[in-house]
Amino acid sequence: MKAIRLDQFSEVDTFATHLAVQEVPEPALEAGEVLIRTLAAGVNPIDYKTCSGGGASAFIGDLPFIPGWEFAGEVIACGSDVAGFDSGDAVVGFIRFPERAGCYAERIAAPADQIARLPKGVAPITAAGAALAGLTAWQALFDKGNLQAQQRVLVMAAAGGVGHLAVQLAKWKGAHVVGTASPANHDHLLTLGCDQAIDYRDESALEAQAPFDLIIDGVGGGTGIKAIALLAATGTLITLPSVTKDQVIAAAEKEGKKALPIRVEPNGQQLAELLARIEQQELTVTVAETYPLAEVARAFTQIATGHTRGKVVLTLDN
């Protein structure tokens with residue numbers, strides 16, 4: 001089968017040299033797994049950061065490495081002890097994170113409990129972009145943040161992959177939602193359900209909307225630390241970027257406030273709930289761009305700008 005393989009950790013401007021389509025053995029199918037013919041694979045910041053030697057690279061082991069943790073595809077075969085899936089089923093998955101999963105490939109061996117059926121009304125490209133970002137938003141809002149109806153929520157970097165889904169899920173829950181983004185994205189955020197969209201550089205406008213019961217910090221670092229002042233005394237800030245989480249948490253503790261990190265976890269049941277929301281048109285996945293598998297370096301370059309509206313997806317024809 002064909003797959004993208006990384007032969008050396010590298011910077012974004014040299015990915016084209018070290019990421020290439022290669023012929024590799026098809027994955028072996030073990031008990032509890034299904035073999036997938038891949039139709040699309042989501043591209044996320046954690047993917048290029050891992051290929052740069054950061055991100056989840058500590059969990060990858062020796063190179064070469066096939067990147068990717070989320071996909072949409074079709075079941076080819078089922079291993080022993082698998083119930084609920086059959087050959088020909090359309091499915092979506094976010095698998096094995098942060099261990100290697102190999103989703104940038106024509107075939108994937110996926111744990112059956114980490115995948116969900118793809119509803120007939122949802123396109124594979126849409127679904128492939130929903131899994132990682134959608135589960136991150138879901139777990140940040142509901143598992144970590146314990147969001148309740150009528151609470152005030154601030155989503156920072158609200159036009160991004162996680163952010164635009166967090167806005168919609170918070171609104172679906174009945175919260176009052178404020179999102180930060182560049183002005184070019186404000187109309188988009190209002191369409192998604194934001195009650196207010198604020199320029200991320202406008203600190204006074206943010207202060208006027210405070211305090212917030214829950215903040216989803218998709219930026220981290222100094223921006224995440226400044227957001228602590230916007231948090232209600234009993235509120236919670238969930239900081240997504242792992243590289244600065246310790247700084248943000250320490251700053252919150254100094255102010256007597258609560259900040260928590262998050263590492264998204266595969267969850268087939270939550271993924272099925274997200275897909276149901278998409279099927280019922282209660283959740284929209286914005287796909288900014290699609291690239292064929294061979295152009296993964298271009299996809300990484302776009303993601304690395306930090307200004308992508310929604311998701312980037314790789315498409316496969318195999």
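A charge sits over a ring if NZ of Lys or CZ of Arg is within 6 Å of the ring centre and within 35 degrees of the ring normal. The legends below describe close-up views of a predicted model.

**Figure 1. Lys173 sits over the face of Phe142.** The distance from Lys173 to the ring centre of Phe142 is 5.7 Å. Phe142 is also paired with another aromatic residue, Trp138. The centres of these two rings are 4.9 Å apart and their planes stand at 85°, so the pair is edge-to-face. Both residues belong to helix 4, which spans residues 131-144. Trp138 and Phe142 are 4 residues apart there, about one turn of the helix. In an α-helix there are 3.6 residues a turn, so residues three or four places apart point the same way. Trp138 is buried, at 12% relative accessible area. Phe142 is buried as well, with a relative accessibility of 16%.

**Figure 2. Phe65, Trp69, Phe94 and Phe97 make up one aromatic cluster.** In the whole structure, 8 aromatic pairs are found. One of them joins Phe94 and Phe97, whose ring centres are 5.6 Å apart. The planes of these two rings are at 35° to each other, and the pair is tilted. Phe94 has 0% relative accessibility and is buried. Phe97 is buried too, with a value of 14%.

**Figure 3. Val264 touches residues from other parts of the chain, including Phe94 and Phe97.** Val264 is in the loop that runs between strand 13 (258-261) and helix 10 (268-279). Its relative accessible area is 8%, so Val264 is buried. Val264 and Phe94 are 170 residues apart along the chain, yet their C-alpha atoms are separated by 9.8 Å. Leaving out residues up to four places away in sequence, Val264 also touches Leu132, Leu135, Thr136 and Gln139.

**Figure 4. Glu33 and Arg96 are joined by a salt bridge.** A total of 13 salt bridges is counted in the model. Side chains of opposite charge can pair when their charged atoms come close. For Glu33 and Arg96, the N to O distance is 2.8 Å. Glu33 is part of strand 3 (residues 33-43), while Arg96 is in the loop between strand 5 (90-94) and strand 6 (107-111), so the pair ties together parts that are 63 residues apart in sequence.

**Figure 5. Arg201 takes part in a salt bridge with Asp199 and lies over the face of Tyr200.** The closest N and O atoms of Asp199 and Arg201 are 3.0 Å apart. Arg201 is 5.0 Å from the ring centre of Tyr200. Asp199 is located in strand 10, residues 196-199. Asp199 is buried, with a relative accessibility of 18%, whereas Arg201 is exposed, at 53%. Not counting residues up to four places away in sequence, Asp199 touches Ala181, Pro183 and His186.

**Figure 6. Other salt bridges include the pair Lys245 and Asp246.** The side chains of Lys245 and Asp246 meet at 3.2 Å, N to O. Lys245 is partly exposed, with a relative accessible area of 28%. Asp246 is exposed, at 54%. Elsewhere, Glu273, Arg277 and Glu282 are linked in a network of salt bridges.

**Figure 7. Thr308 lies in the loop between helix 11 (296-304) and strand 15 (311-315).** Thr308 is buried, at 13% relative accessible area. Its side chain reaches the backbone oxygen of Gln302 at 3.3 Å. Apart from neighbours within four places in sequence, the contacts of Thr308 are Ala159, Gly160, Ala288, Gln302 and Ile303. Gln302 and Ile303 are among the buried residues of helix 11, along with Val296, Ala297, Ala299 and Phe300. After helix 11 comes Gly306, which has a positive phi, near 75°.

**Figure 8. Cys51 takes part in no disulfide.** The count of disulfides in the model is 0. For Cys51, the nearest cysteine sulfur is that of Cys103, 13 Å away. The cut-off for a disulfide is a pair of cysteine sulfur atoms within 2.5 Å. Cys51 is buried, at 0% relative accessibility. Another cysteine, Cys194, is buried with a relative accessible area of 6%.

Terms used. Residues numbered from 1 in each chain as written. Predicted model: local features only at pLDDT ≥ 70, side-chain atom pairs only at ≥ 80, totals over all residues. Heavy atoms only, no water. Helix = DSSP H or I, 4+ residues; strand = E, 2+ residues; numbered from the N terminus. Buried < 20%, exposed > 50% of the residue type's maximum accessible area, 1.4 Å probe, protein only. Polar contact = N/O pair within 3.5 Å; in protein donor to acceptor, adjacent residues only side chain to side chain. Contact = heavy atoms within 4.5 Å. Phe/Tyr/Trp six-rings, centres within 6.5 Å; stacked < 30°, edge-to-face > 60°. Salt bridge = Lys/Arg side-chain N within 4 Å of Asp/Glu carboxyl O.
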